[in-house]
Amino acid sequence: MDNGNLRVVSFAGSLRKGSLNRMLQLSAAALAPAGMIVEELDIFDVPLFNADVEDNGPPDSVIKFKESIAGADGLLIISPEYNYSMPAVTKNLIDWASRRISHPGNVLLGKPVCIMSVTGGATSNGAKGRAHVRESLIYPGAITMPGPDVGLSGGGSNFNDRGDLIADVVISQVEKNMSSFRDWILRVRQED
């Protein structure tokens, strides 16, 4: 906690410039409750996990990524769903964050996590992808917020030309979820 604020770091598991999940990430940050600051992690230079790279000392991009998560009160993961699962980008970031060998160790252990997604389909809301994200966080010991997660269908129809969420019901859902995440972080902290 910094100056009385909760510090949350976040990433969207997509490297695409116009990523809908990154739009949701930025909207969620803007809708965070008072007392919560959400910072986007730089994921673009994090390489694919390779134990040889780790053994030789991971690059600065990995160390900075892990240190940012370690120093945060919570982690917000917004991930696309590809082929009924999470994409390689999301899994790769979770793999690096969970590594005990490289500095500063497994930064997911005991970390409160919130999961969201947006998909392009009219009926799918990314539930299977979010479930796989949640499952992959069990072994490293992250403490995922109980559902319901935010899962939006309809892709780009959720956003205006500036990338802002447009439907009041969706804005309210994301806002409530972020408030619930604040409460979850505080609850996890009390139980420590």
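Predicted model: local features only at pLDDT ≥ 70, side-chain atom pairs only at ≥ 80, totals over all residues.

User: OK, which residues lie nearest the centre of the largest pocket?

Analyst: S98, R99, R100, Y139 and P140 lie nearest its centre, out of 13 residues that line the largest pocket.

User: And what gives the most to that lining?

Analyst: Helix 4 does, with 4 residues.

User: How does the lining of the largest pocket split by class?

Analyst: There are 5 nonpolar, 4 polar and 4 charged residues in the lining of the largest pocket.

User: What about the second largest pocket, what volume does that have?

Analyst: The second largest pocket comes out at about 150 Å³. Its lining has 14 residues, and L41, D42, K64, F65 and S68 are the ones nearest the centre.

User: Which elements each supply at least two residues there?

Analyst: Strand 1, strand 2 (36-40) and helix 3 each supply at least two residues of that lining. Helix 3 gives the most, with 4 residues.

User: And the classes for the second largest pocket? How many are charged?

Analyst: 6 are charged, alongside 6 nonpolar and 2 polar residues.

User: Switching topic: how many cavities of 30 Å³ or more are there?

Analyst: The structure has 1 cavity of 30 Å³ or more. The volume of the largest cavity is about 40 Å³.

User: Which residues line the largest cavity?

Analyst: The lining is made of F11, A12, S14, R22, Q25, E40, L41, I43 and F44. L41 is also one of the residues nearest the centre of the second largest pocket. Strand 1 (6-12) and helix 1 (20-30) each put at least two residues into the cavity lining, and by class that lining has 5 nonpolar, 2 polar and 2 charged residues.

User: Now the helices. At what angle do helix 3 and helix 4 pack?

Analyst: Helix 3 (residues 60-70) and helix 4 (residues 88-98) pack at about 75°, and their axes are 10 Å apart. An angle from 65 to 115 degrees counts as roughly perpendicular, so helix 3 and helix 4 are roughly perpendicular to each other.

User: Which residues in helix 3 meet which in helix 4?

Analyst: From helix 3 you have V62, F65, K66 and I69, and they meet L93, W96 and A97 in helix 4. By class, that contact has 6 nonpolar residues, 1 charged residue and no polar ones. F65 turns up elsewhere too, as one of the residues nearest the centre of the second largest pocket.

Definitions and conventions
Residues numbered from 1 in each chain as written. Heavy atoms only, no water. 1 Å grid on protein atoms, 1.4 Å probe; cavity = no way out; pocket = protein on both sides within 12 Å on 5 of 7 lines; lining within 4 Å. Points joined across faces, edges and corners; volume = space filled by probe spheres on them. Nonpolar A, V, L, I, M, F, W, Y, C, P; charged D, E, K, R; others polar. Axes fitted to C-alpha atoms, helices over the stretch in contact; angles between N-to-C directions. Parallel < 35°, antiparallel > 145°, perpendicular 65-115°, else oblique. Contact = heavy atoms within 4.5 Å.
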